[in-house]
Amino acid sequence: MEIKVRVGDIAQIEADAIVVNLFEGVDQPGSATAAVDKALDGAIGSLISRGEIKGKFGEVSIVHTLGKLPARKVAIAGLGKRQDFNVDKIRGVAGEFCRALRKVNCRKIATILHGAGIGGMELEASAEAITEGAVLGLYGFAKYKKPEYEDIEEILIAVKEEEKAPILELAIGKGKLVADVTNLARDMGNEPANYMTPSRMAEAAKELASKYDLEIKVLDREDMEEMGMGALLGVAKGSDQPAKLIILSYKGDEHSEKALGFLGKGITFDSGGISIKPSEGMWEMKDDMAGAAAVITALWAIAKLKPKINVTAIVPATENLPSGTALKPGDVLKAMNGKTIEVISTDAEGRLILADALSYAQKLGLSPLIDLATLTGACRVALGMLYSGLFGNDRDWIDKVLGAAERTGEKMWHMPMPEEYKEQIKSEIADVKNTGNRYGGAITAALFLAEFVDNTPWVHIDIAGPRLSTKESGYIVKGATGFGVRTLIELALSEART
Ligand code: BES
Ligand code: MN
Ligand code: ZN
């Protein structure tokens, strides 16, 4: 799909459909919508006054032009309430109108810059958001099944001022890249576990590395044994697929020794191991590598955007399966930092592999650190499907991550890490145990991870809720969401500026 700037009046564009908009509660449409309404002899206005078009967020009303305009159809996209409007709403609106128009066989569409008029948004921000929303909202996982609808081929973004065209083209380019990369993370998450094995994940990272000049290192079992990564290897014991530790580095600042560390949980299938999960819904656990997919693909975008900063991604990748050689409840493991761990549940495997990945990241001197992990069902219970839970040990770094998340529209909620709950993960026979009691499970998981972080600023994001969507809404579609990718990219860009 191509997305381009078109200088001129939206009403004069020949396309399958042109898109204008309406805020909720407005009965007199303004600017572009008014001009199009006039050409249609007031059809839009009368639909508004009859209450058929309300301007509700996500609403897309399609009217036929019957030869009154060069375009065959006009779509009126609802922007929702004026006071709730922001750049993330533009992404959502774009996703909605693109899907609605694709359903009615539109191949070429043109749109105004939503929010740039009375919404008061910068033109570039609007163009970038429309592009992101369109590319994300039209995503489908088409590898194993033909898609239901044919794709939109071209989106024209209309602007009146010719001199704005170059900066808008740039904004579109950035939006397209970020959304394409997020879609790649979605592909990785949607891939079944019989395809997306730890080895395939390492292959995907290698491919990226050779294409974009990233450094790559993949550690195998022997390397990990040598480094004493007993926690990661403990989880891997039950599987016939070899575990991998993937290290992917982008060097954008040669004069600096510093590098950000992005860590991602890479469980390519989580059956629970010997502490096996109920079979209902177990298939969802093919996406237990959503964190890994996010950090790997974010590095791809960063390599293309070339910020002046160094970033290293670390992905511990393995399956979690039961077998005759599998880890058992009660087993004691020794992690890379020397701490011993009593395994109470083999289903609390994410924290085990991350423990060693965190030690390794600190050994490399990476700082600050951020990890993304589908870590606990408890986090989904606490915050639902939209919000991830954010934990951290450094206020400044936490605020930076929250700021980047706010700009990308990825929802993160700062959670507490009270000392008192550490009681829950005390073991009688080892330094720490890998589960707490029934209450505050997302928090005890974060407290467990904190046992493997020394003084390095670190943020942990539990993405168990938002990594997957069960419905289509705005720029989110069913299946893997690619959650976290856009915040990681934004973080690298914003850190490079400071
Ligand atoms: N991958 C799961 C967490 C998860 C659950 C992610 C649901 C997405 C949706 C994780 O490995 C896990 O099994 N956690 C256990 C921890 C428990 C044994 C302390 C859980 O949440 O039940
Ligand atoms: Mn598990
Ligand atoms: Zn898991």
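Student: Is aspartate 270 buried or exposed?
Tutor: This is a predicted model. In it, aspartate 270 counts as buried because its relative accessibility is 3%, and the cut-off for buried is under 20%.

Student: What about glutamate 349, buried or exposed?
Tutor: Glutamate 349 is buried too. Its relative accessible area is 1%.

Student: Which residues coordinate the manganese ion (ligand 2)?
Tutor: Asp270 and Glu349 coordinate the manganese ion (ligand 2) through OD and OE. Asp347 gives both O and OD. The distances run from 2.1 to 2.2 Å.

Student: Why is the arrangement around the manganese ion (ligand 2) irregular?
Tutor: Look at the angles. The six donor atoms subtend 70 to 169°, so the arrangement is irregular. For six donors to count as octahedral, opposite ones must be over 155 degrees apart and all others between 65 and 115.

Student: What spacing do the donors of the manganese ion (ligand 2) follow along the chain?
Tutor: The pattern is D-x76-D-x1-E. Aspartate 270 sits in strand β10 (residues 266-270). Glutamate 349 is in the loop between β13 (340-342) and α10 (350-363). The two are 79 residues apart, so the pair links distant parts of the chain.

Student: And which residues coordinate the zinc ion (ligand 3)?
Tutor: The zinc ion (ligand 3) has Lys265 (NZ), Asp270 (OD), Asp288 (OD) and Glu349 (OE), at 2.0 to 2.4 Å. Its donor residues are spaced K-x4-D-x17-D-x60-E in sequence.

Student: What geometry does the site of the zinc ion (ligand 3) have?
Tutor: Octahedral, with six donor atoms and angles of 79 to 173° among them.

Student: How far apart are the manganese ion (ligand 2) and the zinc ion (ligand 3)?
Tutor: They lie 3.2 Å apart, bridged by aspartate 270.

Student: New topic. Where are the domain bounds?
Tutor: Domain 1 covers 2-180 and domain 2 covers 191-497. Their C-alpha centres lie 37 Å apart.

Student: How many residues are in contact between domain 1 and domain 2?
Tutor: 19 residues of domain 1 touch 20 residues of domain 2. The two domains bury about 1,600 Å² between them. Carbon and sulfur atoms account for 62% of that.

Student: Which residues in domain 1 lose the most area to domain 2?
Tutor: Arg99, Leu177 and Val178. Together they make up 31% of what that side buries.

Student: How many salt bridges are there between domain 1 and domain 2?
Tutor: Three.

Student: What does lysine 143 form a salt bridge with?
Tutor: Glutamate 191, with the closest N and O atoms 2.7 Å apart.

Technical notes: Residues are numbered from 1 along each chain as its sequence is written. Chains are lettered from A and ligands numbered from 1 in the order in which they are written. This is a predicted model: local features need pLDDT of at least 70, side-chain atom pairs count only at pLDDT 80 or more; totals for chains, interfaces and linings use all residues. Side-chain values use heavy atoms; hydrogens and water are left out. Donors are N, O and S atoms within 2.8 Å of the metal (3.2 Å for Na, K and Ca); water is not among the atoms, so sites may look incomplete. Four donors count as tetrahedral if all angles lie between 85 and 135 degrees; four count as square planar and six as octahedral if opposite donors are over 155 degrees apart and all others between 65 and 115; anything else is irregular. Helices (H or I, at least four residues) and strands (E, at least two) are DSSP runs, numbered from the N terminus. Buried means under 20% relative accessible area, exposed over 50%, partly exposed in between (1.4 Å probe, protein chains only). Domain bounds come from an automatic or database domain assignment. Contact means heavy atoms within 4.5 Å. Buried area is the accessible area (1.4 Å probe) that two parts lose on being put together, summed over both. A salt bridge is a side-chain nitrogen of Lys or Arg within 4 Å of a carboxyl oxygen of Asp or Glu.
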